[in-house]
Amino acid sequence: MNDFMKIAIREAENGIARNDGGPFGAVVVKDGVVIAKGHNRVVVSHDPTAHGEIVAIRRAAKKLGSFDLSGCELYSTAEPCPMCLWAIYWANIDRVYYGCTVADTEKIGFRDKEFYEMSKQALQEKMHMVDRNECLRLFDLYNRLEQKTNY
């Protein structure tokens, strides 16, 4: 299993344990070093933009002192939604590795597919699926929670 995806999964597990907002964790890596990580905080922060990828991007930009994350890669437990995908482009992140697909996300009650269908022009060449089965385990863990808030 990919070491950086392991970190993203642990980050998502932390968010699930706290019921912060879903089974989504992300890690920004540069030159083989973890720069920042984040998990979904939409529910706990009352912020619809606080997706795991956005949280990790914000932290990485702050740590590096730059809005330009060229040379960085992002590992995410799920295929980024269109908002996150475009944030990834704005941040100039070179490559994205993800676990679960938009279809997997839809199965547990999230609306990513709806937004993707609105943005068919999204460029997908940066997207490469890795470790889907490990990430699906997170989705199952989250889906079994009695009290959760999907959005």
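Predicted model: local features only at pLDDT ≥ 70, side-chain atom pairs only at ≥ 80, totals over all residues.
Visitor: Let's start with helices. At what angle do the axes of H1 and H7 cross?

Guide: Helix H1 spans residues 3-18 and helix H7 spans residues 132-143. Their axes come within 10 Å and cross at roughly 0°. Angles under 35 degrees count as roughly parallel. H1 and H7 are therefore roughly parallel to each other.

Visitor: Which residues make the contact?

Guide: H1 contributes Met-5, Ile-9, Ala-12, Glu-13 and Ile-16. H7 contributes Glu-134, Cys-135, Arg-137, Leu-138, Leu-141 and Tyr-142. By class, that is eight nonpolar, no polar and three charged residues.

Visitor: Now the cores. What is the general idea?

Guide: In soluble globular proteins, nonpolar side chains tend to be buried together. Here the largest nonpolar core has 25 residues. Val-28, Ile-57, Ala-60, Leu-69, Leu-74, Ile-88 and Ile-93 touch the most other members.

Visitor: Which elements give two or more residues to this core?

Guide: Strands S1 (25-30), S2 (33-39), S3 (72-78) and S4 (95-100) do, along with helices H3 (52-64) and H4 (82-90). Leaving aside neighbours within four places in sequence, Val-28 contacts residues including Val-34, Ala-36, Ile-57, Ala-60 and Leu-74. Another core, of 20 residues, lies apart from the largest one. Among its members are Met-5, Phe-24, Tyr-75 and Cys-135.

Visitor: On to charges. How many salt bridges are there?

Guide: Side chains of opposite charge can pair when their charged atoms come close. In this model the count comes to eight salt bridges. One of them joins Asp-104 and Arg-132, at 2.5 Å from N to O. Asp-104 lies in helix H5 (residues 102-107) and Arg-132 in helix H7, so the pair ties together parts 28 residues apart in sequence.

Visitor: Is Asp-104 buried or exposed?

Guide: Asp-104 is buried, at 3% relative accessible area.

Visitor: What about Arg-144?

Guide: Arg-144 forms a salt bridge with Asp-140, with the closest N and O atoms 3.1 Å apart. Arg-144 counts as exposed at 56%, whereas Asp-140 is partly exposed at 40%.

Visitor: Which residues are joined through shared partners?

Guide: Glu-13, Glu-134 and Arg-137 form one salt-bridge network.

How values were computed: Residues numbered from 1 in each chain as written. Heavy atoms only, no water. Axes fitted to C-alpha atoms, helices over the stretch in contact; angles between N-to-C directions. Helix = DSSP H or I, 4+ residues; strand = E, 2+ residues; numbered from the N terminus. Parallel < 35°, antiparallel > 145°, perpendicular 65-115°, else oblique. Contact = heavy atoms within 4.5 Å. Nonpolar A, V, L, I, M, F, W, Y, C, P; charged D, E, K, R; others polar. Core = buried A, V, L, I, M, F, W, Y, C linked by side-chain atoms within 4.5 Å. Buried < 20%, exposed > 50% of the residue type's maximum accessible area, 1.4 Å probe, protein only. Salt bridge = Lys/Arg side-chain N within 4 Å of Asp/Glu carboxyl O.
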